[in-house]
Amino acid sequence: MIYFKFPFDEKLYSTDENSNTNSINFHSFNNVEKIDIAGKIIEKDLLEFEKLEISSEILQEDKTQFIPETKEEYLQKLDEVIQIIKENNLPKLVLSRRKILKDFNKIDLKNSFNNLCKNYSNAFKYLFFDGETSWLGAFSEVLGKYNKSTHEFETMSIAGTIPVSEEWTEKEIEEQKPVSSYIRDILKKYSHSNPIKESETYDHISGNIKHLKTDFKIKINPEDLDSIIQELHPTPAVCGIPKDFCREVIEKVEKFPRELYTGYIKIETEDYIQYFVNLRCARLYKNSVHLFVGGGITAQSNSEKEWNETELKSEAVLKNLVIMH
């Protein structure tokens with residue numbers, strides 16, 4: 001079962017669970033895992049949803065025995081990654097970790113999802129459980145949006161993270177530039193001399209933090225859509241540049257597999273195909289919550305600040321969870 005809301009849309013959606021079709025797929029970061037959600041997309045009655053009780057009893061027990069990194073371990077890993085970046089002259093590499101929450105009796109899944117919907121109007125919000133795995137998330141990074149009638153494709157370059165009240169520094173500005181270049185270069189290959197429309201870079205606010213964002217639009221050939229998505233994923237915002245080298249480093253250096261974190265969710269409606277990057281998210285268990293957080297590391301990065309950034313990002317989901325002790 002899945003419940004979700006699109007950015008800037010108060011309507012609640014789900015699927016009719018018809019096994020002959022699927023309009024929603026979850027793809028993992030490494031592209032190995034794919035979960036298909038059965039059914040066509042349908043709008044759900046909000047009042048009906050309010051009467052639902054979705055107990056965490058439906059969730060699986062956590063048998064992973066994962067022990068999250070301590071701050072010291074993560075700082076050490078950050079120093080190691082900064083060294084790799086300097087030695088290989090990389091513009092950026094993204095490092096992530098898990099924060100694991102235990103010692104509670106149950107999670108109120110419906111109200112946790114409602115809190116995310118209330119606090120992140122500009123994000124894609126979802127709650128998903130299929131008997132084997134369950135995830136919850138709210139994020140605003142779009143990997144792609146394709147208009148079936150006009151063949152217009154939209155994507156975005158998003159990078160840099162600071163608290164809303166702070167000012168941008170050289171580190172964040174420099175971090176975002178290669179992300180935009182990377183996207184621009186991919187789109188040029190598929191433009192067939194159609195112009196690429198690019199916005200100014202502007203502040204994108206997401207709860208308690210903000211990012212630097214640039215929007216891109218281009219008319220494409222419909223048969224190129226899958227190739228563009230495969231080239232864009234994983235974006236520099238979740239992996240690094242160059243993509244293949246950074247992905248190898250991530251798989252060697254990170255303590256845990258990312259699973260669906262920093263993968264993407266594909267949703268097909270009558271008019272659009274949308275691809276959302278699964279960013280601010282958590283995997284839910286009956287007896288634990290695994291929060292996934294990361295940050296873009298550059299040669300100018302400060303390990304302590306990067307740790308603080310992941311703590312700040314973890315609040316996006318953490319502060320919205322309704323947990324009974």
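Helices (H or I, at least four residues) and strands (E, at least two) are DSSP runs, numbered from the N terminus. The structure is a predicted model, in which local features need pLDDT of at least 70, side-chain atom pairs count only at pLDDT 80 or more, and totals for chains, interfaces and linings use all residues. Residues are numbered from 1 along each chain as its sequence is written, and side-chain values use heavy atoms, with hydrogens and water left out.

**Exercise 1. Locate L279 and describe its surroundings.**

Step 1. L279 lies in the loop between β17 (272-277) and β18 (281-284).

Step 2. Buried means under 20% relative accessible area, exposed over 50%, and partly exposed in between (1.4 Å probe, protein chains only). L279 has a relative accessible area of 13%, and it is therefore buried.

Step 3. A contact requires heavy atoms within 4.5 Å. Leaving aside residues up to four places away in sequence, L279 touches F139, E141, V238, Y261, T262 and F292.

Step 4. The C-alpha atoms of L279 and A138 are separated by 7.5 Å, although these residues stand 141 residues apart along the chain.

**Exercise 2. Determine how many disulfides the model contains, and explain the state of C246.**

Step 1. A disulfide is a pair of cysteine sulfur atoms within 2.5 Å. Under this rule the count is zero.

Step 2. For C246, the closest cysteine sulfur belongs to C239 and is 5.4 Å away, so the pair is too far apart for a bond.

Step 3. C281 is likewise in no disulfide, the nearest cysteine sulfur being that of C117 at 15 Å.

Step 4. C246 is buried at 0% relative accessibility, and C281 is buried with a relative accessible area of 1%.

**Exercise 3. Describe how helix α2 packs against helix α6.**

Step 1. Two packed helices are described by the angle between their axes and the distance between the axes. Axes are lines fitted to C-alpha atoms, for helices over the stretch in contact, and angles run from 0 to 180 degrees between N-to-C directions.

Step 2. The axes of α2 (residues 71-88) and α6 (residues 243-253) come within 12 Å and cross at roughly 155°. α2 is therefore roughly antiparallel to α6. The classes are roughly parallel for angles under 35 degrees, roughly antiparallel over 145, roughly perpendicular from 65 to 115, and oblique for the rest.

Step 3. The crossing of α2 and α6 is right-handed. A crossing is right-handed if the near helix is turned clockwise from the far one by less than a right angle, and left-handed if anticlockwise.

Step 4. On the α2 side the contact is made by K77, E80, V81, I84 and N88, and on the α6 side by F245, V249 and V253. These residues comprise five nonpolar, one polar and two charged. Here Ala, Val, Leu, Ile, Met, Phe, Trp, Tyr, Cys and Pro count as nonpolar, Asp, Glu, Lys and Arg as charged, and the others, Gly among them, as polar.

**Exercise 4. Carry out the analysis for α2 and helix α7.**

Step 1. The axes of α2 and α7 (residues 303-318) come within 9 Å and cross at roughly 120°. This angle makes α2 oblique to α7.

Step 2. α2 passes α7 in a right-handed crossing.

Step 3. K71, Y74, L75, L78, D79 and I82 of α2 meet S303, E304, E306, W307 and T310 of α7. By class, the contact has five nonpolar, two polar and four charged residues.

**Exercise 5. Identify cis peptide bonds and positive phi values in the backbone.**

Step 1. H233 and P234 are joined by a cis peptide bond with omega of about -10°. P234 is placed in the loop between α5 (225-232) and β15 (240-241).

Step 2. A cis peptide bond also joins I241 and P242, with omega of about -5°. P242 is in the loop between β15 and α6.

Step 3. F8 is not a glycine, yet its phi is positive, at about 55°. F8 belongs to the loop between β1 (2-5) and β2 (12-15), and it is exposed, with a relative accessible area of 69%.

Step 4. E17, also a residue other than glycine, has a positive phi near 60°. E17 occupies the loop between β2 and β3 (22-27) and is partly exposed at 44% relative accessibility.
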